[in-house]
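Colleague: Please take me through the structure shown below, beginning with the ligand surroundings and then the sheets and helices.

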Amino acid sequence: MSGNVVVEAKNLVAGYLPGVNILNDCSLTAREGELIGIIGPNGAGKSTLLKAIFGQVNIRSGNILLNGEDITGLKANKLVGKGVAFVPQTNNVFPSLTIQENLEMGVFQNPKRFEERFAFVTSIFPDLATRRNQRAGSLSGGERQMVAMGRALMVDPSVLLLDEPSAGLSPVRQDEAFLRVKEVNTAGVTVIMVEQNARRCLQICDRAYVLDQGHDAHTGTGRELLNDPKMIELYLGNLAEM
Ligand SMILES: Nc1ncnc2c1ncn2[C@@H]1O[C@H](COP(=O)(O)OP(=O)(O)O)[C@@H](O)[C@H]1O
Ligand SMILES: [Mg+2]
């Protein structure tokens, strides 16, 4: 495989409570321009892996490299400055602020870049320009997800971490969310996306990791995993018939 390695998580052991490890020897690599999926059962540690990359979980051993630099244990504000953007699953917009103000928050460390980044973000999400003065709190779930992704993209990230961008959306809005994620990636952004909707995730990602009890139990291209009978039996279940 070609392309510079953007994120490399190596043998992570991490958790919230003393003596309880949620990630157990978990590794992941994302190369420049890749769309990486993370799937696996509820409670497998998918969100914890993203939070560990974003400095929100204690890492007990292993390390994380960003463009070759060790970022293990750095806090979120430092990571944002280094080009790591994170969209958590919930509470990912400021509801009382307008769309434009939400996007301004995305570049608060470097406000001079607003116009240039706003142009990029609204080229992918045109609605965010036309509705820039609307409060985020008045938007639908799908629209909020666009605002959250847009805000994260304002920093021109090296990598965009997305936690379940399709969660809680109607099927039509889910399709749209996956389409937008793909567009963001096609525009050149390296994406690491956690998804509950494993089948749809595998359909759009370049490679995926299947997490099981905090360990990267399987990896392969989206297509390989979609067509692997063992994978279907273990993790895709009825979704495989959709
Ligand atoms: N803030 C927290 N404090 C303690 N335990 C947590 C916390 N967040 C998640 N966990 C535990 O970590 C495990 C993995 O959770 P999570 O990473 O959210 O899984 P997933 O995203 O794959 O569904 C679960 O057992 C969950 O209860
Ligand atoms: Mg989760």
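Modeller: A residue is near a molecule or strand if its C-beta atom, placed from the backbone, lies within 6 Å of it. This is a predicted model, in which local features need pLDDT of at least 70, side-chain atom pairs count only at pLDDT 80 or more, and totals for chains, interfaces and linings use all residues. Residues are numbered from 1 along each chain as its sequence is written, while chains are lettered from A and ligands numbered from 1 in the order in which they are written.

Colleague: How do the residues of the shell around ligand 1 divide by class?

Modeller: The shell consists of Y16, L17, I22, G40, N42, G43, A44, G45, K46, S47 and T48. Ala, Val, Leu, Ile, Met, Phe, Trp, Tyr, Cys and Pro count as nonpolar, Asp, Glu, Lys and Arg as charged, and the others, Gly among them, as polar. On that basis the shell around ligand 1 has four nonpolar, six polar and one charged.

Colleague: Which strands stand at the edges of the open sheet of six strands?

Modeller: The order of this sheet is β6-β7-β8-β3-β9-β10, and its pairing is mixed. Neighbouring strands are turned against each other by 15° on average, direction ignored. One side of each edge strand is left without a neighbour in the sheet, because each has a single partner strand; the two are β6 (84–87) and β10 (215–221).

Colleague: Is β3 largely enclosed or left open, and how many of its residues are buried?

Modeller: A residue is buried if 20 or more other C-beta atoms lie within 10 Å of its own, exposed if 12 or fewer, and partly exposed in between, with C-beta atoms placed from the backbone. L35, G37 and I39 cover one face of β3 and I36 and I38 the other, all of them buried. Strand β3 is therefore largely enclosed by the rest of the structure, its buried residues being five of the five.

Colleague: Which residue in the turn between β9 and β10 has a positive phi?

Modeller: Strand β9 (residues 207–212) and β10 are antiparallel and joined by six bridges, with Y209 partnered by T219 and D212 standing opposite H215. The two strands form a hairpin with two residues between them. The positive phi, about 45°, belongs to Q213.

Colleague: Is G220 buried, exposed or partly exposed?

Modeller: G220 lies in strand β10. Two residues are in contact if their C-beta atoms, placed from the backbone, lie within 7 Å; leaving aside residues up to four places away in sequence, G220 touches R207, A208 and L225. Because G220 has 16 C-beta neighbours inside 10 Å, it counts as partly exposed.

Colleague: How far apart are the axes of helices α3 and α6?

Modeller: I99, N102, L103, M105 and G106 in α3 meet V147, G150, R151 and A152 in α6. By class, this contact has five nonpolar, three polar and one charged residues. Helix α3 (residues 99–106) and helix α6 (residues 141–153) pack at an angle of about 35°, and the distance between their axes is 7 Å.

Methods:
Axes fitted to C-alpha atoms, helices over the stretch in contact; angles between N-to-C directions. Helix = DSSP H or I, 4+ residues; strand = E, 2+ residues; numbered from the N terminus. Pairing = 2+ DSSP bridges.
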